[in-house]
Amino acid sequence: MAVLNNRLVCRAAAPIRSFCTKSAETEAELGRALSSAIPAQSSKEKGRNIQWVFLGCPGVGKGTYAARLSRLLGVPHIATGDLVRQELSSRRPLASQLAGIVNQGKLISDEIIIDLLSKRLEDAQTKGDTGFILDGFPRTVRQAEILEGVTDIDLVINLKLREEALIAKCLGRRICSECGRNFNVACVDIKSEDGNPGMYMPPLLPPPQCTSKLTIRSDDTEEIVKERLRVYNDMSRAVEEFYQRRGKLLEFDLPGGIPESWPKLLHALNLNDNEDKRTAAA
Ligand SMILES: [Zn+2]
């Protein structure tokens, strides 16, 4: 399922420069498209208006944490990777254009991504949702500038995981060829050493009916995973700095698996457990 997402990351390095040569006019146009889709600030009166962005490299578990927070806070989790996949499986005219781009391994343009994102935000607005948690956008400084030009992002959470754990997790990914669900067979168990804390992340094992049908993505080799991380780090640094300069970046080092990380993440975000329990009970 995460294939497309990683493909985007994987091939994103080269074309960035060409984005920068585009005119400011295009940028303003893209900004206008996005702006009309973002809920008006008055929605803040209805409660808290969360406008957050999640950053993090492939395999870090960004989608999982973003989805949990979106349920907890009652705001939509908008993942651009999902939007692209949904569009691809639709019969709309854009689907065949997108399929061509993806199959050739090309980078999906800012114009298309912003178009999909605007439509999704409009849907949310129609449904009366306030706020959002973005996942997979912005990926470049240009995208961050366009977003910043149309709305005030409150917080950017940068999820990080020790590289050795991250690589193990990426290599442990398995997909069931029958039901399409994702699992992870890696058990990360790093012992504490020289004052560095240890880390334990249990595997996410499949149910018996999936065990014999697990497949590995062909690009989940150690070499490709490391290259993917290198490309991601190169590209994301500028986006992280962009938000850091604006005082919006929260760096969060995941201390382990979900049971260990989730309460600490809530604490870092000043969210309390009561909210969590209420959601769990609902
Ligand atoms: Zn299965």
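Residues 24 or more positions apart account for 75% of the contacts in the protein with a separation of 6 or more. The model is predicted. The protein has 282 residues, and 46% of them count as buried. Its accessible surface comes to about 14400 Å². Carbon and sulfur atoms supply 51% of that surface. The protein holds 13 helices and ten strands.

**The sheet**

Five strands build an open sheet with parallel pairing. Their order is β2-β3-β1-β4-β10. The edges are β2 (77-79) and β10 (249-253), and each of these pairs on one side only. Neighbouring strands of the sheet are turned by 25° against each other on average, direction ignored.

Strand β1 (residues 51-56) and strand β3 (residues 132-135) run parallel and share four bridges. Within that pairing, V53 has L134 of β3 as its bridge partner.

**Helices on the sheet**

| Helix | Strands contacted | Angle |
|---|---|---|
| α12 (residues 258-268) | β4 and β10 | about 155° with β10 |

**A helix with a buried side**

Which residues of helix α5 (residues 80-88) are buried? They are T80, G81, L83, V84 and E87. These residues cover an arc of only 160° around the axis, so they sit on the same side of α5.

**The zinc site**

Three cysteines coordinate the zinc ion: C176, C179 and C210. Each contributes its SG atom, at 2.2 Å. Along the chain, the donors follow the spacing C-x2-C-x30-C. C179 lies in the loop between β5 (173-176) and β6 (182-184), while C210 lies in helix α10 (residues 208-211), so the pair ties together parts that are 31 residues apart in sequence.

Technical notes:
Residues are numbered from 1 along each chain as its sequence is written. This is a predicted model: local features need pLDDT of at least 70, side-chain atom pairs count only at pLDDT 80 or more; totals for chains, interfaces and linings use all residues. Side-chain values use heavy atoms; hydrogens and water are left out. Donors are N, O and S atoms within 2.8 Å of the metal (3.2 Å for Na, K and Ca); water is not among the atoms, so sites may look incomplete. Helices (H or I, at least four residues) and strands (E, at least two) are DSSP runs, numbered from the N terminus. Two strands pair if DSSP finds at least two bridges between them. Axes are lines fitted to C-alpha atoms, for helices over the stretch in contact, and angles run from 0 to 180 degrees between N-to-C directions. Contact means heavy atoms within 4.5 Å. Buried means under 20% relative accessible area, exposed over 50%, partly exposed in between (1.4 Å probe, protein chains only). The arc is that of the directions from the helix axis to the C-beta atoms. Accessible areas come from the Shrake-Rupley method with a 1.4 Å probe; for residues, only the protein chains shown count as cover.
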